[in-house]
Amino acid sequence: MNERFLDNSLFRNIYCYMAGDSQGCVSHGYDSGFLPSGWEWVAFAITAFVIANLFIQGALGGVLALIWGERRILARFQNRVGPNRWGPLGSLTSVADAVKTMFKEDIVPDQADRFLFNLAPIVMVIPVLMVFAVIPIGIGTVVADINIGLLFVIAITSASGLAIAMAAWASANRIAIFSGLRAVALLVSYEIPMALSLLGVLMITGTLSMTGTIEAQHVPFIIVQPLGFLVFFLAALAEMSRTPFDLTEAESELAAGHLNDYSSMKFGVLFLAEWAATIAGAAIITTVFLSGWRGWEPIPSHIWFVAKLVGVLFLIIWIRATWPRLRIDQVLAIAWKGLFELTLINLVVTAILTAAMSDREADGSLFSAGELWIMAAVNWAVFFPSIWLIGKLLAAKPYDESKGDALPEYPVATEEASLEGVAD
Amino acid sequence: MTVKTEPISINLGPQHPSTHGVFRFRVTFDGEEIIDVEPIFGYLHRGSEKLAEERTYQQVVTLTDRMDYVSSMLSNQAYMLAVEKLCGIEPSPRGVWLRMIAGELQRIASHLVAVGFLLQDLGSWGTPLTYVMRERESILSMFEMLCGARITNSYLRPGGVFMDAPDEFWPTLHSFLEELPHRIDELENYLTGNEIIFARTKGVAVLPPDVAVNASITGPMLRASGVDWDLRHRDPYDFYDQVEFERPLHTAGDNFARYWVRMEEMRECIKIIRQCAQKIEPGPVRPSHDEVPFLVRPPAGDAYGAIEGSKGELGFYLVSDGGISPYRCHVRAPSLINLTLLREMLIGTLMGDLFVSFGSIDLNMGEVDR
């Protein structure tokens, strides 16, 4: 039963420490473990528990750290100090908030659909945590190195839209329903460019496995696939509902959107899932486009991964601190009129390049570093003209810039001027 | 298959993060599109006009502070203009120059707040707001030097101001005027060239000039529609006929024009303050108590004093029966009157434009409800 997990070094190192004299561990070169033979199921259970806890607690701890980091960084951008009371540099503020949230009264509105209302936070948080299962955070440190990793990620991240729609509908709040409808619209629109932008990566790597994707990145794919990166990054921002696509939780329009009627830990879980989704999105970007844990030798692979992840998160926070929000029609127009075309250009160019250099390398990968650099050069040559072209197509209508030309005389009130509804 | 759809009616406010106080909309949406808006206000009504009938002319100044609390100096100025007309007081020149300086500083502060909150409504998470608040902070510190208060100033008195500016005020003012154009440039670098702000504000909630004039819209909102109407120029009060300034105009009449006009007006305010600081001469800041007693007792009659406030024409109509307090006090509040076209502006726009257009009017609920 346990043998097929032994290829996973994270599992093997914990399992074989306890049950080292089982057959699989011996063949992997482990000495005897401290559990007697016949107790392998205990070792398996403990290992599974430890790994699951490691990743879930890691994700949740990451959320607390991200909330603190975002508050501090935003404060710096905004000429403020930020939280600085609880713990050094205010690092325990998120913990204090979590404790406060737990002790709030848990209210379910009378009109709410109680079952769906309670289900929505669960539906929101589970897929996000499942994403972390396939992300390699270091050499051999991955919970499940499944061979359809990218497909799994794309499939499972779309559940957040369902959860938001569910929360919105179940709380029977009209403002929340706006949020739910927007979430579905964003999901339907941005799922397509998101998946298509990964197709270019897929053609180069020839595998859906996350570890395989990292191993194929002799050159980080942000350099090889600039269009793919741009589209995926924007689509991921929309999926995570971050600025400038934060329409589902548009504070100045919808107050808190689908979170309006949630309180106590249900609110906490929804909120946590949203931030965990941000980390998950950043982790996917790190893995697929920034070559994941690859780096230079003396520094361990885990440090490289975390450093790149923090870089992506900082970029996301920077965008939040700087840009206003787009309107719903503009957001959808960008997805269908802009990003979709960009991914098609990217696909065609990448397809031609992969067909032209399709010989398999000696180390088993499809393309060597040299070939990737050639691809990068071509892709960057395509990048700027296509961005310019799409920008021209998407640009707003010409606008009358006649500042300072006053009307010759101030207009006299006329019969034609609409007085309907004026100062009834 | 046909899907049955129906409009959805939503109540937004008075408890809502971006209603600029306690304003309430009852909006009917067709999907995301607004098909009807019903503005409901009165949640901040404190009966200031009625309270004014119970107070002496001097005490009413404190009520005017609390009407438009982001530009209380200008409210003081409009009220005092009406009182001086009513009593026939000739104000001291130094006091008038001082109140012009204070008023223009207050106009800058008010426009800064308007621009900052407009961007807040656009969804830029607090960053422009904190930047404009930094500039407003230095203006409020100067007010503190002038009169000891930062928000509710009560600086003006019949015939002048409460007291002369302290010596340290003038170097502070000078360095602030040196600094501010760079700050405005910084803000414009950040905002005016931003593609998202263009896309969100241009061509949205257009207000044609003839409709605006019909509804007696005034202030930056009217000038953004291309109508050259500024009381400082058309009907100069105080010493505004002795200073030179431009009146920024934009013909588009949309949200961007309203934003742009405010940004440019701040630069004109700097020019005006510089000229005032040059022309001011030593002297008493208000007439002695022999000429204007503490309890002014105007003759029976009425007077209307109006200034170009930061939001539009701010006027006070006072009726006196010869007693120590006004028989009737009425305020022409620009916030309230600029609000009348809200429904016309909003119908046909999307939900995302609702609060942006509302913010671009730059109203203050304290002044709307009084």
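Residues are numbered from 1 along each chain as its sequence is written, and chains are lettered from A and ligands numbered from 1 in the order in which they are written. Because the model is predicted, local features need pLDDT of at least 70 and side-chain atom pairs count only at pLDDT 80 or more, whereas totals for chains, interfaces and linings use all residues.

Two packed helices are described by the angle between their axes and the distance between the axes. Helices (H or I, at least four residues) and strands (E, at least two) are DSSP runs, numbered from the N terminus. Axes are lines fitted to C-alpha atoms, for helices over the stretch in contact, and angles run from 0 to 180 degrees between N-to-C directions.

In chain A, the axes of helix H11 (residues 226-239) and helix H15 (residues 328-356) come within 9 Å and cross at roughly 150°. H11(A) is therefore roughly antiparallel to H15(A); angles under 35 degrees count as roughly parallel, over 145 as roughly antiparallel, 65 to 115 as roughly perpendicular and the rest as oblique. The crossing of H11(A) past H15(A) is left-handed, a term used if the near helix is turned anticlockwise from the far one by less than a right angle, with right-handed used if clockwise. Residues are in contact if their C-beta atoms, placed from the backbone, lie within 7 Å. On the H11(A) side, Leu227(A), Gly228(A), Val231(A), Leu234(A), Ala235(A) and Ala238(A) take part, meeting Val331(A), Leu339(A), Leu342(A), Thr343(A), Ile345(A) and Asn346(A) in H15(A). The residues of this contact comprise nine nonpolar, three polar and no charged. In this classification, Ala, Val, Leu, Ile, Met, Phe, Trp, Tyr, Cys and Pro count as nonpolar, Asp, Glu, Lys and Arg as charged, and the others, Gly among them, as polar.

A further helix pair in chain A consists of helix H3 (residues 40-77) and helix H14 (residues 301-322), which pack at an angle of about 45° with their axes 10 Å apart. H3(A) and H14(A) are therefore oblique to each other, and H3(A) passes H14(A) in a right-handed crossing. Leu66(A), Glu70(A), Ile73(A), Leu74(A) and Phe77(A) of H3(A) contact Leu313(A), Phe314(A), Ile317(A) and Ala321(A) of H14(A). Eight nonpolar residues, no polar residues and one charged residue make up this contact.

Chain B contains 15 helices and eight strands. Its radius of gyration of 21 Å agrees with the value near 21 Å for a compact globule, because chain B has 370 residues; the radius is taken over C-alpha atoms, and the globule rule is 2.2 Å times the number of residues to the power 0.38. Along the principal axes, the C-alpha atoms of chain B fill a box of roughly 85 × 45 × 35 Å.

Strands of a sheet pair through backbone hydrogen bonds, either parallel or antiparallel. Two strands pair if DSSP finds at least two bridges between them. One open sheet of chain B has three strands in the order S1-S2-S3, with antiparallel pairing. Strand S2 (residues 24-30) of chain B is joined to S3(B) by seven bridges; Thr28(B) is partnered with Asp36(B), and Arg26(B) with Glu38(B). The hairpin of S2(B) and S3(B) has two residues between the strands, and Gly31(B) in the turn has a positive phi of about 70°.

Eight bridges join S6(B) to S7(B), with Gly301(B) opposite Ser320(B) in S7(B). Four residues separate the strands in the hairpin of S6(B) and S7(B), where Gly312(B) takes a positive phi near 150°. Strand S7 (residues 313-320) of chain B is connected to S8(B) by five bridges; His330(B) in S8(B) is the bridge partner of Tyr317(B).

How values were computed. Two residues are in contact if their C-beta atoms, placed from the backbone, lie within 7 Å.
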